[in-house]
Structure formats: C-alpha cells, structure tokens
Amino acid sequence: MPDWGQIHVATDAHEAIEEQLSELGALAVSLSDAADSPVFEPAPGELLLWPRLIVTGLFEASVDLAAIRSALIHQGLCEAAHVQIETLADRCWEREWLDNFGPMAFGQRLWVCPHGAPQSWPDDAVVLRLDPGLAFGTGTHPTTRLCLQWLDGADLKDKRVIDYGCGSGVLAVAAALLGAREVLAYDIDPQALTATAENARANQVQDRITLVEPGSPPESPADIVLANILASTLISLQPAICALVAADGELVLSGILAEQAQDVIAAYRTQFLLNPENSEAWIRLDGRRFALGG
C-alpha cells in the first residue's frame, strides 16, 4: 500500500481550494505553475503568482481522496476534468534529491560534491562537500554557479572576504577552501547562519568563517565582497555594500536577471566599473573599486 496520496487541482482561483484542502486534513498544500509561465522578481511588498495554478494537497494514504475530489466538485470549486489523484510510495526524499545531484566543476580547481559521492574529480581539485539543507545555495542555480566560477579564478590568498546574504554558506566555504584568510558570513535569516555553520564544519574551515548575526551587518571593509541576492535589494543596499569594499577591493554581485543588469550597474557606477558575465537568463557583475580620485 502506498504511504501517501496527492490530489492536484488546476485552477485560476486557488485560495478557496487551498483552504478546503487544509480543512480536509492535507499535511501540506503547495502551488505550481500549470502553464510554464515565467514570474519575474516582484516589487517590494508584491506577491506574484502564475496566472493558472496547480494546487496540490498531500495526504496520508488512509485518506479517501475520491471523497475529497467529490467534495471539491460538489462545492463548485473545480471541474472534474481539472482534478487528478496520485499515489506515492514512501521514499527517502533527501536521498532522491542527492541521486540527481552529482559532483560539479566550477572553473579549473573547484568542485562541489555531495557527501559520499564517488570520486570523479582530479586529485589536486579543491573539493567542497555540500548536501541539500536549510538554505538556498548548492551551486546548481546559475546565480550561485557564476559566483563559484569567479571565486575559482580569483586570487584569494590571505584575503578578507564578506559573503553578504550567505544562504547555505556555499560561497563563504568555497572562499575559505580556496585560500581566504577570513570570511564573514552574513544573512538576515537565522536558518542560513545555521546552515553555513554546519557546512563550514563539514568542510573543516569553521576556524576561518565568522557568522555575523541578523540585524548586525559587517562594518569593517573587506578585500572582496560577494552579494548573491535580488537585484532590487542590491540597488537599495548600494551604500551599505559599497562601504564594505576596501580601497582597491573587489565586488561581485549576482542574483540579477539580464534585463535588470543596467539598473544595478547604474547604481554602482560612481564607485565601480562592473563587468557582466551571463549564465542562462542571469548576470553576474564584478569589478574593482575605483582608485581614489578615479
């Protein structure tokens, strides 16, 4: 007997269905795109969803999903043709994810690999061990990939680095493994700091990574500042981020869609000449602070 059941409802009015599934005992309710429509970065305070959604309710196997389907149809919340029922055998979902997350190379030296993966990298590679966890950042997303590639090609020996918006800590850990003397990891999400601490310990670089608590961002400048966050946040935080880059220091910005790049460049233009590098629809901007009077 399967261990779980799911009911999927295609709709353009999701709230009533979400509420009803929850009342009927759903263990979780999720939303997904029914038509592969892109949703770009929202404005502050704005919540954007796809125009047509699939609402999915997860239930224990003992629940009568046919009865739930009938109830939704009877209440006029959906049509019969728009409802599907699915049974799921229990699996180790983290292991399932890891089975599709193999070793990945970033540049010439750096590899990101899940724990337990068989060696497929050169003996002289710098290997960052990382499993999926609490926070964003495994290297699979183009924004993170662009930053890891930059780190691989940078001279980090004896440098002080700030990872501003550290997520899983993948950039902070990579910087430490690649030779940085000190890395400050900052995020407004306490779970991100927990994940960063765990990943630093797993890679034996915890002595070179300092966690900076939410609400108390770094104050003293660093040789390199990395910020892989949203374009709108990069623009609004421009004064604070620029203040963290030492004289002749380097800045790496990511999390930027191609159509947003010029706005970010304009925000930093007085202090940095930022060079774009793209991956899919995403852009990384990197550059060195102008010399005084430049």
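Select S6 and strand S7 (residues 126-129): the two pair in the parallel sense over four bridges. Two strands count as paired if DSSP finds at least two bridges between them. Helices (H or I, at least four residues) and strands (E, at least two) are DSSP runs, numbered from the N terminus. This is a predicted model, in which local features need pLDDT of at least 70 and side-chain atom pairs count only at pLDDT 80 or more, while totals for chains, interfaces and linings use all residues. Residues are numbered from 1 along each chain as its sequence is written, and side-chain values use heavy atoms, with hydrogens and water left out.

**Stop 1**

Trp111 has Val127 as its bridge partner in S7. Cys113 has Arg129 as its bridge partner there.

Ala105 has Trp111 as its bridge partner in S6. Look at the hairpin of S5 and S6, with three residues between the strands: Gly107 takes a positive phi near 80° here.

The three strands form an open sheet in the order S5-S6-S7, with mixed pairing. S5 and S7 are the edge strands, each pairing on one side only. From one strand to the next, the twist averages 25°. Axes are lines fitted to C-alpha atoms, for helices over the stretch in contact, and angles run from 0 to 180 degrees between N-to-C directions.

Show the side chains of S6 (residues 110-113). Leu110 and Val112 point one way, Trp111 and Cys113 the other, and all are buried. Buried means under 20% relative accessible area, exposed over 50%, partly exposed in between (1.4 Å probe, protein chains only). In a regular strand the side chains alternate between the two faces of the sheet.

**Stop 2: helices on that sheet**

Select helix H4 (residues 142-153). H4 lies across S5 and S6 and runs at about 55° to S5. Next, helix H5 (residues 170-177) packs on the sheet and touches S6 and S7, with a direction that makes about 150° with that of S7. Contact means heavy atoms within 4.5 Å.

**Stop 3: the cores**

Which residues have the most contacts inside the largest nonpolar core? They are Leu110, Leu128, Leu148, Leu151, Val183, Ile209 and Leu226, in a core of 33 residues. A nonpolar core is a set of buried Ala, Val, Leu, Ile, Met, Phe, Trp, Tyr and Cys residues joined through side-chain atoms within 4.5 Å. Elements that give two or more residues to this core include S5, S6, S7, H4, strand S9 (182-186), helix H6 (190-202) and strand S11 (222-228). H5 gives the most to this core, with seven residues.

Pick Leu226. Leaving aside neighbours within four places in sequence, Leu226 is in contact with Trp150, Leu151, Val161, Ile162, Asp163, Tyr164, Leu171 and Val252. A second, separate core of 26 residues includes Leu184, Val212, Ile241 and Cys242.

**Stop 4: the seven-stranded sheet**

Here seven strands form an open sheet in the order S10-S9-S8-S11-S12-S14-S13, again with mixed pairing. Strand S10 (209-212) and strand S13 (275-279) stand at the edges with a single partner strand each, so one side of each is left without a neighbour in the sheet. The twist averages 15° from one strand to the next.

Select S11 and S12. Six bridges join these parallel strands. Ile224 has Glu250 as its bridge partner in S12. Glu250 sits in strand S12 (residues 245-257). Is Glu250 buried or exposed? Glu250 is buried, with a relative accessible area of 18%. Not counting residues up to four places away in sequence, Glu250 touches Trp150, Asp223, Ile224, Val225, Val245, Gly287 and Arg288.

Bring H4 back. H4 lies across S11, S12, S13 and strand S14 (282-288), running at about 30° to S14. H6 also packs on the sheet, touching S9 and S10, and its direction makes about 170° with that of S10.

**Stop 5: helix H2**

Last, select helix H2 (residues 65-74). The buried residues of H2 are Leu65, Ile68 and Leu72. They lie on the same side of H2, because they cover an arc of only 55° around the axis. The arc is that of the directions from the helix axis to the C-beta atoms. These buried residues pack against strand S1 (4-11), helix H1 (14-23), strand S3 (53-60) and strand S4 (83-88).

Check both ends. Asp64 caps the N-terminal end of H2, with a side-chain oxygen 3.1 Å from the backbone nitrogen of Ala66. Just after H2, Gly76 takes a positive phi of about 75°.

Technical notes
Polar contact = N/O pair within 3.5 Å; in protein donor to acceptor, adjacent residues only side chain to side chain.
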